Amino acid sequence: LQALYDATQGDNWDWQSPTGHWEFVGDPDPCVDGWEGITCNSECVVSSSSCTVTWLTLPEYNLIGTIPSSLGELSSLEYLELNSNELTDTIPSSLGELSSLKNLLLYSNELTGTIPSSLGEFSSLQRLDLYSNELTGTIPSSLGELSRLESLELYSNELTGTIPSSLGELSSLEYLYLEFNKLTGTIPSSLGELSSLKALDLYSSELTGTIPSSLGELSR
């Protein structure tokens, strides 16, 4: 947590309340001391020695800087929400080590580079929102392994290449937003296998070919 604070100009964050600021003097405990944006596991109520950070949510806090790779060491983290800040540079591949993560919200920043293929290792992930950044490169086919994913929003970046057919394996997916990129090639017919899908946005790209008839099977 201190690495995040130091890497994003923590002294200039926009705190939401007069209390709960992060202090690193002495022997601080973010769970016991009630740090803002931090939620810990329920076992904390019984014993502080069993406390682990499960939520790290700092949207619109004026975080300016980079995401430290050491965040991948928060092994119990379930929610990581750093959206709507001024984060730059790349998404650390180490975030793929967060095996308990359910939500990863990094949208509306200034992130660059490619989407790490390691993000496909999130066995519990339900929501992946990386939209409104400056991400480049292709959509990793490994994202098709996110069996519990319900929302995938990658729009308004500079992504290139084709839409991976592996995305058709996301049986829990309800929202797929890939618009405003530089995607090429055809629309994979495998997207017609997304039986839970409610919304599909592919506009403002450079897609070619025909619209697969399999999309007609999306009953929702």
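## Salt bridges

E78 and K102 join their side chains in a salt bridge, at 4.0 Å from N to O. A salt bridge here is a side-chain nitrogen of Lys or Arg within 4 Å of a carboxyl oxygen of Asp or Glu. E78 is partly exposed, with a relative accessible area of 24%. K102 is also partly exposed, with 27%. Buried means under 20% relative accessible area, exposed means over 50%, and partly exposed lies in between (1.4 Å probe, protein chains only).

This is a predicted model: local features need pLDDT of at least 70, side-chain atom pairs count only at pLDDT 80 or more, and totals for chains, interfaces and linings use all residues. Residues are numbered from 1 along each chain as its sequence is written, and side-chain values use heavy atoms, with hydrogens and water left out.

## Two further pairs

The whole structure holds three salt bridges. One of them joins K198 to E174, with the closest N and O atoms 3.7 Å apart. This pair, too, links distant parts of the chain, 24 residues apart. K198 sits in the loop between strand 12 (182-183) and strand 13 (199-201). E174 sits in the loop between strand 10 (160-161) and strand 11 (175-177). K198 is partly exposed, at 46% relative accessibility.

D129 and R127 form another salt bridge, and their closest N and O atoms are 2.7 Å apart. D129 is buried, with a relative accessible area of 0%. R127 is partly exposed, at 30%.

Strands are DSSP runs of E, at least two residues long, numbered from the N terminus. Two strands pair if DSSP finds at least two bridges between them.

Strand 3 and strand 5 pair over two bridges in the parallel sense. I64 has E86 of strand 5 as its bridge partner. Strand 5 and strand 7 likewise pair in the parallel sense over two bridges. T88 is bridged to E110 in strand 7, and D89 to L111 in strand 7.

## Negative surface patch

E73, E97, E121, E145, E169, E193 and E217 form a patch of negative charge on the surface. Patch residues have over 30% relative accessible area and no salt bridge; like charges are joined within 9 Å, nonpolar side chains (Val, Leu, Ile, Met, Phe, Trp, Tyr) within 5 Å. Lys and Arg count as positive, Asp and Glu as negative; His and the chain ends are not counted. The charge of Glu is placed at CD. Accessible areas come from the Shrake-Rupley method with a 1.4 Å probe.

E97 belongs to this patch. Its place is the loop between strand 5 (86-89) and strand 6 (103-105). E97 is exposed, with a relative accessible area of 54%.

## A buried leucine

L183 is part of strand 12. L183 is buried, at 1% relative accessibility. L183 and C31 are 152 residues apart in sequence. In space, their C-alpha atoms are 43 Å apart.

Methods:
Helix = DSSP H or I, 4+ residues; strand = E, 2+ residues; numbered from the N terminus.
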